[in-house]
Amino acid sequence: ARLSRTEKGVLVYSEFAGCASSFKGALVVNPYDADQVAEAINNALSMSQRSKKLRYYSLERYVSHYTSELWGRRIVTALKESRDLTTTYVGNSPLDVGYL
């Protein structure tokens with residue numbers, strides 16, 4: 001059955017996936033535990049539409065904010081900071097082991 005445009009679904013997500021701890025609206029499961037997966041699916045199917053919408057919009061806010069562009073900018077910034085630190089340390093005098 002298809003959802004209408006106003007109905008929202010529920011994300012059942014593996015606890016082993018990278019964003020599991022960040023996806024507060026998802027039902028996080030161990031995918032190797034069939035009983036846990038079945039229970040999560042049952043909870044998702046029997047959940048009120050209001051609860052589904054709250055979970056959906058929580059996830060939507062997260063993925064709208066933490067975009068691939070944001071992650072990319074953060075990685076490039078960290079790389080530049082690391083390069084700058086390396087340049088600073090390389091410019092220091094070498095350690096004179098005679099003083100040890």
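User: How does Tyr57 count, buried, partly exposed or exposed?
Analyst: This is a predicted model, and the relative accessibility of Tyr57 in it is 36%. Buried would need a value under 20%, and exposed one over 50%. The value lies in between, so Tyr57 counts as partly exposed.

User: And which class does Tyr56 fall into?
Analyst: The relative accessible area of Tyr56 is 31%. The cut-offs are again under 20% for buried and over 50% for exposed. Tyr56 is therefore partly exposed.

User: Which residue lies over the face of Tyr56?
Analyst: The distance from the ring centre is 4.5 Å.

User: What geometry does the pair of Phe23 and Tyr62 have?
Analyst: The ring centres of Phe23 and Tyr62 are 5.6 Å apart, with 80 degrees between the planes. Planes over 60 degrees apart count as edge-to-face. So the geometry of this pair is edge-to-face.

User: How many residues apart are Phe23 and Tyr62?
Analyst: Phe23 sits in the loop between strand E1 (12-14) and strand E2 (27-29). Tyr62 belongs to helix H2 (residues 49-65). The pair thus links distant parts of the chain, at a separation of 39 residues.

User: Are Phe23 and Tyr62 buried or exposed?
Analyst: Phe23 has a relative accessible area of 11%. For Tyr62 the relative accessibility is 16%. Buried means under 20%, so Phe23 and Tyr62 are each buried.

User: What angle separates the ring planes of Tyr56 and Tyr57?
Analyst: Tyr56 and Tyr57 form an aromatic pair, 5.2 Å centre to centre. The pair is edge-to-face. The angle between the planes is 85 degrees.

User: Which residues form one aromatic cluster?
Analyst: Phe23 and Tyr62 are members. The cluster also takes in three further names.

User: Which residue has its charged end over the ring of Trp71?
Analyst: A charged end sits over its ring, 5.8 Å from the centre. That charged end belongs to Arg74.

User: What pattern does the protein follow along the sequence?
Analyst: The protein has 3 helices and 2 strands. Read along the sequence, the pattern is β-β-α-α-α.

User: What span does helix H1 reach from its first C-alpha to its last?
Analyst: H1 covers residues 34-46, which is 13 residues. At 1.5 Å a residue, 18 Å is expected. The span is close to that, at 18 Å.

User: Which backbone nitrogen does a side-chain oxygen of Asp33 reach at the start of H1?
Analyst: The side-chain oxygen of Asp33 comes to within 3.2 Å of it. A polar contact needs N or O atoms within 3.5 Å. The nitrogen is that of Asp35.

User: Which residue's backbone nitrogen does the side chain of Asn30 reach?
Analyst: Asn30 is placed in the loop between E2 and H1. Leaving aside neighbours within four places in sequence, its contacts are Glu15, Phe16, Gln36 and Val37. Its side chain reaches a backbone nitrogen at 2.8 Å, that of Tyr32.

User: How far apart in space are Met47 and Val10, C-alpha to C-alpha?
Analyst: Met47 lies in the loop between H1 and H2 and is buried at 16% relative accessibility. Beyond four places in sequence, Met47 is in contact with Val10, Leu27, Lys52 and Arg55. Met47 and Val10 are 37 residues apart in sequence, yet their C-alpha separation is 8.7 Å.

User: How far apart in space are Leu59 and Ala26, C-alpha to C-alpha?
Analyst: Leu59 is in helix H2 and is buried, at 12%. Its contacts beyond four places in sequence include Phe23, Gly25 and Ala26. Leu59 and Ala26 are 33 residues apart in sequence, with a C-alpha distance of 7.5 Å.

User: What share of the residues is buried?
Analyst: The protein has 100 residues. Its accessible surface comes to about 8100 Å², of which 56% belongs to carbon and sulfur atoms. The buried share of residues is 17%.

Definitions and conventions:
Residues are numbered from 1 along each chain as its sequence is written. This is a predicted model: local features need pLDDT of at least 70, side-chain atom pairs count only at pLDDT 80 or more; totals for chains, interfaces and linings use all residues. Side-chain values use heavy atoms; hydrogens and water are left out. Rings of Phe, Tyr and Trp (its six-membered ring) pair if their centres lie within 6.5 Å; planes under 30 degrees apart count as stacked, over 60 as edge-to-face and the rest as tilted. Helices (H or I, at least four residues) and strands (E, at least two) are DSSP runs, numbered from the N terminus. Buried means under 20% relative accessible area, exposed over 50%, partly exposed in between (1.4 Å probe, protein chains only). A charge sits over a ring if NZ of Lys or CZ of Arg is within 6 Å of the ring centre and within 35 degrees of the ring normal. The expected span of a helix is 1.5 Å times one less than its number of residues. A polar contact is a pair of N or O atoms within 3.5 Å; within protein, one must be able to donate a hydrogen and the other to accept it, and residues adjacent in sequence count only if both atoms are side-chain atoms. Accessible areas come from the Shrake-Rupley method with a 1.4 Å probe; for residues, only the protein chains shown count as cover. Contact means heavy atoms within 4.5 Å.
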